[in-house]
Amino acid sequence: MTVLGSIIEGVREDLEQTRAESPQREMEARAAAAAAPLDALAALRGGRGDGAGVRIIAEVKRASPSKGELGDIPDPAELARSYRDGGASAISVLTERRRFRGSLGDLDAVRAAVDVPVLRKDFMVDEYQFYEARAYGADLVLLIVAALERDELAHYLGLTRELGMEALVEAHTEEEIAQAVDVGARIVGVNVRNLKTLDVDVSHYAAMARHLPDDVVRVAESGVDGPGVVADYARDGADAVLVGEALVRDGDPTAAVRRFRAASRGR
């Protein structure tokens, strides 16, 4: 079984317990009662050519399958505010429990703390999770092409929009990009980490970027270990860059976000 397959298996097991504790009808009602979502598409659009540099999606990330523990985050809300103060356009919150040590509690805390769009970053494989995301204040969800059949991808993208959210549709190959575009994705991410092997190749973004249409928001994901990588992604046409580990490990996340944005402007 691939790493991705193993993670999804665990997500499904955890979901059964969650659904038993909070039935879907209850979660749908909570989603309907939540405050209206923010416009994530507008927040991330325009990173190319507007002089402001790429948009940064800054991540609240406690651990990862490839690196293990990344850092202690006693107050995810405080970290999110630090990102926002540095100029982050959106905050990504890992909510997967087993491999990333995330939680919906982290998502809830971040949503209450910042006025920029919030991404629920998880392995979305069941309708329940989309109502859950909206109930906890998400404006944006992650859809991984490699984790879904084409019909599932189209269905979940439609459900996301019915709930007022937007989706970051993540691809790794030319074929997955084509599938994302085919179902109508407006925000397409290229993950330079292969989720089946966890191998990282930052040059992979440039190789895939030419397959991304001009009318989608282009997001470069993973592999950022400093401002130089952000500058490279910007040069290769990214509108936004998702950064996790490099920010979590930095002693001054506000300054780090500013450095990354400045690097994408060439200074």
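**View 1. Glu132, a buried residue of helix α6.** Glu132 has a relative accessible area of 4% and is therefore buried (under 20% relative accessible area, where exposed means over 50% and partly exposed lies in between, with a 1.4 Å probe and protein chains only). Its place is in helix α6 (helices are DSSP runs of H or I with at least four residues, strands are E runs with at least two, and both are numbered from the N terminus). This is a predicted model, in which local features need pLDDT of at least 70, side-chain atom pairs count only at pLDDT 80 or more, and totals for chains, interfaces and linings use all residues. Residues are numbered from 1 along each chain as its sequence is written, and side-chain values use heavy atoms, with hydrogens and water left out. Glu132 touches Thr18, Met27, Leu104 and Arg120, not counting residues up to four places away in sequence (contact means heavy atoms within 4.5 Å). Met27 and Glu132 are 105 residues apart in sequence, yet their C-alpha atoms are 6.0 Å apart.

**View 2. Helix α1 against helix α6.** Here α1 (residues 3-21) packs on α6 (residues 127-135) at an angle of about 65°, with the axes 11 Å apart (axes are lines fitted to C-alpha atoms over the stretch in contact, and angles run from 0 to 180 degrees between N-to-C directions). On the α1 side you will find Val11, Leu15, Thr18 and Arg19, and on the α6 side Tyr128, Gln129 and Glu132.

**View 3. Strand β5 and its partner β4.** Take a look at β5 (residues 118-121): Val118 and Arg120 point one way, Leu119 and Lys121 the other way, and all are buried. In a regular strand the side chains alternate between the two faces of the sheet. Strand β4 (residues 90-94) pairs with β5 in the parallel sense over 4 bridges (pairing takes at least two DSSP bridges). Ser92 stands opposite Leu119.

**View 4. Ile56 in the largest nonpolar core.** This core has 96 residues, and Ile56 is among those with the most contacts inside it, as are Tyr83 and Leu143 (a nonpolar core is a set of buried Ala, Val, Leu, Ile, Met, Phe, Trp, Tyr and Cys residues joined through side-chain atoms within 4.5 Å). Beyond four places in sequence, Ile56 touches residues including Ala88, Val230, Val241 and Phe260.

View 5. Most residues other than glycine have a negative phi. Leu198 has a positive phi of about 75° and lies in the loop between β8 (187-191) and α9 (204-209). For Ser222, phi is near 80°; its loop runs between β9 (217-221) and α10 (227-235).
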